[in-house]
Amino acid sequence: MAEQLSDLTAFMAVARAGGFREAARAGGVSASSLSEALRRLETRLGVRLLHRSTRSVSPTEAGARLLERLGPALGEIEAALDVVNGFRDRPVGTLRLNVPASAARLVLPSLVPPFLAAYPDILLDVVVEEGFVDILSAGCDAGIRYEERLAQDMIAIPIGPRRQRMATAAAPTYLAARGCPNHPRDLLNHACLRGRFASGAMPAWEFQRKAEVVTVEPGGPLIYRISGGVDLAIDAAVSGCGVIHLFEDWLRPHLDSGALVPVLETWWQPFTGPFLYYPGRRHLPAPLRAFVDFVQAQRIGA
């Protein structure tokens, strides 16, 4: 039974990582041991679970079905084993968080150092990606998302700033050359730096002044990947390439320094801050319980 569980865990690691080397690197094991585990599992089940190529692997239809059921099942096994953590002086184990780039940049930096100092036996594993995520299938304990992206069956607690705004800005050199827009629709005649999700979706720019909401889809010289390409877009904006539309807190250092100038500030749209969310099960893994308590204590003390 122990070997079967080990082989199933190896399959899940390889499938999620998209390759043996990547899974081996993340898990601190050898790629050959993962390959042997998968060979045993496929032989035992009598079906191929992964398509293999020289560059990557992907689940077969059978593998995808198994992976879909396996994540929650192994999560329950880990939760059962985690019960013994309650008998330790301090929690031990891994806490896996799935967060968007905005949370990794604007929320976690103030929380992670003191949390790790308070719980030195916890390993924090942070996965940064955008979009809707099934955290159980993704092998994560919890996630951080905004209200419109929260699954209905999750427990959610506030984390980070409770009020944020989308800010629009440009470099002084750009505005001197092109002029400053007076209305959101004026952006249609400006060079704008647009973000795109991994899915290919490119969110429109939304503005609000009192009860009036205006949505525009401007064009421009740069499209960047939301998450990994944000710093590039900011650098391009500072260099005068065009207008950027992003979290105010992300742009704040450049606004304060004068490298960027606010544009359409009376139209900056406010929204509710992010939430830490996790499945509503009776027993929380000790590392997650410690993090939840820590986040709530930070909010009370703020």
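With which residue does Asp7 form a salt bridge, and how far apart are the closest N and O atoms? The partner is Arg40, and the closest N and O atoms are 2.6 Å apart. The structure is a predicted model, and the count of salt bridges in it comes to ten.

**Asp7 and its partners in helix α3**
- The Asp7–Arg40 pair links distant parts of the chain, with Asp7 in helix α1 (residues 2–17) and Arg40 in helix α3 (residues 31–45), 33 residues apart.
- Asp7 also forms a salt bridge with Arg44, where the closest N and O atoms lie 3.2 Å apart.
- Because Asp7 belongs to helix α1 and Arg44 to helix α3, this second pair ties together parts that are 37 residues apart in sequence.
- Asp7 has a relative accessible area of 0% and is therefore buried.
- Arg40 counts as partly exposed, at 26% relative accessibility, and Arg44 likewise counts as partly exposed, at 36%.

**A pair within helix α3**
- Arg39 and Glu36 form a salt bridge through their side chains, with an N to O distance of 2.5 Å.
- These two residues are three residues apart in helix α3, so about one helical turn separates Arg39 from Glu36.
- Arg39 is partly exposed at 44% relative accessibility, and Glu36 is partly exposed with a relative accessible area of 32%.

**A salt-bridge network**
- Salt bridges link Arg165, Glu248, Arg252 and Asp256 in a network.

Key:
Residues are numbered from 1 along each chain as its sequence is written. This is a predicted model: local features need pLDDT of at least 70, side-chain atom pairs count only at pLDDT 80 or more; totals for chains, interfaces and linings use all residues. Side-chain values use heavy atoms; hydrogens and water are left out. A salt bridge is a side-chain nitrogen of Lys or Arg within 4 Å of a carboxyl oxygen of Asp or Glu. Helices (H or I, at least four residues) and strands (E, at least two) are DSSP runs, numbered from the N terminus. Buried means under 20% relative accessible area, exposed over 50%, partly exposed in between (1.4 Å probe, protein chains only).
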